[in-house]
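Please open the model in your viewer and display it as a cartoon.

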Amino acid sequence: MTNIELLEIAKNAREKAYVPYSHFQVGAALLTKSGKVYTGCNVENASYGATNCAERTAIFKAVSEGEQQFDKIAIVSSSGEFTFPCGICRQVIAEFMKDGEIILGNDQGEIKTLQFKEVLPFAFTEADLEINRQKKE
Ligand code: THU
C-alpha cells in the first residue's frame, strides 16, 4: 500500500463525512501492520462536543474489530490544505501508534509525511502511569 493509495482511500472516506455544522469534511485511512485499511470520517453532533473526528473514527473502528497495531494514518480534508490531527486525536494516536507515520495530502497533490513523534513529542502515555504505580508500591 503506497502513501498515494492510502490518501486516495482517505479521500473517498471524506465523502461520508456528516458535517451539517462545520461543512468541513475530513477523511482518514488507517493502515494496520497486517496490511488492512480502516477508514473514518468526522461525525458531527448538534451538541458540538459530541463530534467525533475522522482519525478517531478510523482508530475506534479498527480497535473494535480487534486491531491494535498500526503503521500509518492518512488524512485529507475539504479545505484543500494539509490538515493536521487535532489535539484529542493526537492523544488517541499516541495510544496505538507512537512509532507510526502521519500522511497528509492537499489539493495540489502534494504529500507531507511526518513521524507521529514530530506531531506530538512528549506524549502522555501508559508509561507515565506505570512510573506512578511503581512509586506507590
Ligand atoms: N476534524 C477532524 O475530523 N479531524 C481533525 O483532525 C480536525 C477536525 C473535524 C471535527 C469537526 O467535525 C470539523 O473537523 C471541524 O472542526
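This is a predicted model: local features need pLDDT of at least 70, side-chain atom pairs count only at pLDDT 80 or more; totals for chains, interfaces and linings use all residues.

Five of them form an open sheet, in the order β2-β1-β3-β4-β5, and the pairing is mixed. Select β2 (37-41) and β5 (111-115): these strands stand at the edges, and each has a single partner strand, so one side of each is left without a neighbour in the sheet. Viewed across the sheet, neighbouring strands are turned by 20° against each other on average, direction ignored.

**From one edge to the other**

Select β1 together with β2. These two strands pair in the antiparallel sense over five bridges. Within this pair, Gly27 stands opposite Cys41 in β2. The hairpin of β1 and β2 has four residues between the strands, and Gly35 takes a positive phi near 95° there.

Next, select residues 70-77, which are strand β3, and residues 101-105, which are strand β4. In which sense do β3 and β4 pair? The pairing is parallel and extends over four bridges.

The hairpin of β4 and β5 has five residues between the strands, and its Gly109 takes a positive phi near 80°.

**Helices on the sheet**

Select residues 3-14, helix α1. This helix packs on the sheet and touches β1 (26-32), β2, β3, β4 and β5. The direction of α1 makes about 50° with that of β3.

Then select α2. This helix lies across β1, β2 and β3, and runs at about 140° to β2.

**Two helices together**

Two packed helices are described by the angle between their axes and the distance between the axes. Select helix α2 (residues 54-64) and helix α3 (residues 87-96): their axes come within 9 Å and cross at roughly 30°. That angle makes α2 roughly parallel to α3. The crossing of α2 and α3 is left-handed.

Which residues of α2 and α3 meet? Show the side chains of Glu55, Arg56, Ile59, Phe60 and Val63 in α2, which meet Ile88, Cys89, Val92, Ile93 and Phe96 in α3. Sorted by class, the contact of α2 with α3 has eight nonpolar residues, two charged residues and no polar ones.

**The whole protein**

Finally, clear the selection and display the complete chain. The protein contains five helices and five strands. Followed from the N terminus, its elements run α-β-β-α-β-α-β-β-α-α. The radius of gyration of the protein is 15 Å, close to the 14 Å that the globule rule gives for 137 residues, so the protein is as compact as a globular protein of that length. Along its principal axes, the C-alpha trace spans about 55 × 35 × 25 Å.

Note on methods: Residues are numbered from 1 along each chain as its sequence is written. Side-chain values use heavy atoms; hydrogens and water are left out. Axes are lines fitted to C-alpha atoms, for helices over the stretch in contact, and angles run from 0 to 180 degrees between N-to-C directions. Angles under 35 degrees count as roughly parallel, over 145 as roughly antiparallel, 65 to 115 as roughly perpendicular and the rest as oblique. A crossing is left-handed if the near helix is turned anticlockwise from the far one by less than a right angle, and right-handed if clockwise. Contact means heavy atoms within 4.5 Å. Ala, Val, Leu, Ile, Met, Phe, Trp, Tyr, Cys and Pro count as nonpolar, Asp, Glu, Lys and Arg as charged, and the others, Gly among them, as polar. Two strands pair if DSSP finds at least two bridges between them. The radius of gyration is taken over C-alpha atoms; the globule rule is 2.2 Å times the number of residues to the power 0.38.
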